[in-house]
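The sequence and the structure are shown first.

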Amino acid sequence: MMLQDVIFAALLAFFLTWFIKTMLRVLRVVITRSTELGYRPTDLDTVMQRCYTLFPLENLSFKGATFNRGVDVQVVTTRKKIIEGKFIGYNKDNMVCFVTPSSVVAHELGNIEEMRILR
């Protein structure tokens with residue numbers, strides 16, 4: 001009986017740890033409304049087509065500056081994370097999309113503190 005209790009406690013602890021970690025990941029995405037997905041360089045064309053479909057608006061006015069699709073930008077988020085990549089577009093949900101050399105980043109416009117064109 002004692003061994004069964006230990007095994008049950010270990011399995012329960014494993015399940016609870018997995019559940020808490022998963023919920024924290026989901027909560028982080030919901031709160032910050034930020035998503036970063038990696039991609040393989042061979043999939044770049046497919047990734048870009050999906051980004052164009054999900055983020056169809058090509059021009060963005062942000063704090064007096066206008067950003068057009070394809071321009072290289074540096075973004076500073078409210079959490080002081082720096083993202084450098086190409087501006088792809090934004091959508092009516094106020095989500096902005098950037099493509100870096102290794103990932104696609106979708107971020108809520110309200111959580112962007114600064115955005116500037118890289119020259």
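## Contacts and overall form

A contact here means heavy atoms within 4.5 Å. In this predicted model, 57% of the contacts between residues at least 6 apart in sequence join residues at least 24 apart.

The protein chain holds two helices and eight strands, in the order α-β-α-β-β-β-β-β-β-β from the N terminus. Its radius of gyration is 20 Å, well over the 14 Å that the globule rule gives for 119 residues, so the chain is more spread out than a compact globule. The C-alpha trace spans about 70 × 30 × 25 Å along its principal axes.

## Surface and charge

Of the 119 residues, 30% count as buried. The accessible surface is about 8500 Å², and carbon and sulfur atoms account for 62% of it. The chain carries 15 positive and 11 negative side chains, with the centres of the two sets 2 Å apart.

## Salt bridges

Three salt bridges are found in the whole structure. In one of them, Glu58 and Arg69 meet at 3.4 Å, N to O. Glu58 lies in the loop between helix H2 and strand E2, and Arg69 in the loop between strands E3 and E4, eleven residues apart.

Lys86 pairs with Asp72, their closest N and O atoms being 3.1 Å apart. Because Lys86 is in strand E5 and Asp72 in strand E4, this pair ties together parts that are 14 residues apart in sequence. Glu113 forms a salt bridge with Lys80 at 2.6 Å between the closest N and O atoms; Glu113 belongs to strand E8 and Lys80 to the loop between E4 and E5, 33 residues apart. Glu113 is partly exposed at 33% relative accessibility, whereas Lys80 is exposed at 54%.

How values were computed
Residues numbered from 1 in each chain as written. Predicted model: local features only at pLDDT ≥ 70, side-chain atom pairs only at ≥ 80, totals over all residues. Heavy atoms only, no water. Helix = DSSP H or I, 4+ residues; strand = E, 2+ residues; numbered from the N terminus. Rg over C-alpha atoms; globule rule 2.2 N^0.38 Å. Buried < 20%, exposed > 50% of the residue type's maximum accessible area, 1.4 Å probe, protein only. Areas by Shrake-Rupley, 256 points an atom, 1.4 Å probe, with all protein chains shown as cover. Lys, Arg positive; Asp, Glu negative; His and termini not counted. Charge placed at Lys NZ, Arg CZ, Asp CG, Glu CD. Salt bridge = Lys/Arg side-chain N within 4 Å of Asp/Glu carboxyl O.
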